[in-house]
Amino acid sequence: MAPIDVLMKIVRPPVDSFLSEDENTAKLPPKIVGRLGIEVKGGKGAEDIEYKLVLPPSLFETVEEKLEMYKKFGASNIYVALPAVIGAKMCVEGIAARGVIAAECLDPVKFLKMMVGMGLL
């Protein structure tokens with residue numbers, strides 16, 4: 001059996017739940033467990049700078065937390081969408097350059113503060 005076949009068997013396509021999610025399905029117990037780690041390294045002048053962020057296994061551990069996430073964002077599966085929204089907001093607000101830019105061009109401190117401000121962490 002090929003690894004991709006195993007992966008495709010255990011991971012649901014996001015469209016299955018993302019577009020069909022409503023308040024009733026958001027009340028179902030969480031089924032996804034994972035961990036997200038973000039590490040940003042670089043330099044500013046002669047100074048080396050490093051930022052690390054590790055999110056818990058899930059953004060929610062209870063049905064109540066999952067439902068709160070749904071009510072706040074209109075979906076509970078926001079792992080990819082919210083960082084893109086933050087990047088777009090940074091461009092619109094003049095914090096980042098407009099147009100196509102790489103994620104590493106964003107100020108990591110401002111980016112993470114905006115993630116917290118949106119209620120992710």
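Q: Let's start with Val11: buried, exposed or in between?
A: Val11 is partly exposed, at a relative accessible area of 42%. Here buried means under 20% relative accessible area, exposed means over 50%, and partly exposed is what falls in between (1.4 Å probe, protein chains only).

Q: And what kind of model am I looking at?
A: This is a predicted model, where local features need pLDDT of at least 70 and side-chain atom pairs count only at pLDDT 80 or more, while totals for chains, interfaces and linings use all residues. Residues are numbered from 1 along each chain as its sequence is written, and side-chain values use heavy atoms, with hydrogens and water left out.

Q: Thanks. Where does Val11 lie?
A: Val11 is in the loop that runs between α1 (3-10) and α2 (14-18). Helices (H or I, at least four residues) and strands (E, at least two) are DSSP runs, numbered from the N terminus.

Q: Which residues form the nonpolar patch on the surface?
A: Val11 is one of them, together with Met1, Ile4, Val6, Leu7, Met8 and Ile10. Together these residues have about 760 Å² of accessible area, by the Shrake-Rupley method with a 1.4 Å probe, where for residues only the protein chains shown count as cover. Patch members have over 30% relative accessible area and no salt bridge; like charges are joined within 9 Å, nonpolar side chains (Val, Leu, Ile, Met, Phe, Trp, Tyr) within 5 Å.

Q: Stepping back, how many helices and strands does the chain have?
A: There are six helices and two strands. Reading from the N terminus, the order is α-α-α-β-β-α-α-α.

Q: How much of the chain counts as buried?
A: Of its 121 residues, 21% do. Leu82, found in helix α5, is one example, buried at 5% relative accessibility. Leu106 is another, with a relative accessible area of 14%, and Leu106 sits in the loop between α5 and α6.

Q: New topic: how many salt bridges does the structure hold?
A: Three. A salt bridge is a side-chain nitrogen of Lys or Arg within 4 Å of a carboxyl oxygen of Asp or Glu. Side chains of opposite charge can pair when their charged atoms come close.

Q: What does Lys71 form a salt bridge with?
A: Its partner is Glu23, and the closest N and O atoms are 3.9 Å apart. This pair links distant parts of the chain, 48 residues apart: Lys71 belongs to helix α4 (residues 63-73) and Glu23 to helix α3 (residues 23-26). Lys71 counts as exposed at 56% relative accessibility, whereas Glu23 is partly exposed at 36%.

Q: And what about Glu39 and Lys41?
A: Those two form a salt bridge with the closest N and O atoms 3.1 Å apart. Glu39 is partly exposed, at 46%, and Lys41 is exposed, at 58%. Lys52 and Glu50 also meet through their side chains in a salt bridge, 3.3 Å from N to O. Lys52 is exposed at 59% relative accessibility, while Glu50 is partly exposed at 44%.

Q: What classes of residue does the lining have?
A: The lining has 18 nonpolar, three polar and four charged residues. Nonpolar covers Ala, Val, Leu, Ile, Met, Phe, Trp, Tyr, Cys and Pro; charged covers Asp, Glu, Lys and Arg; the others, Gly among them, are polar.

Q: Last one: buried or exposed, what does Lys113 count as?
A: Lys113 is exposed, at 59% relative accessibility.
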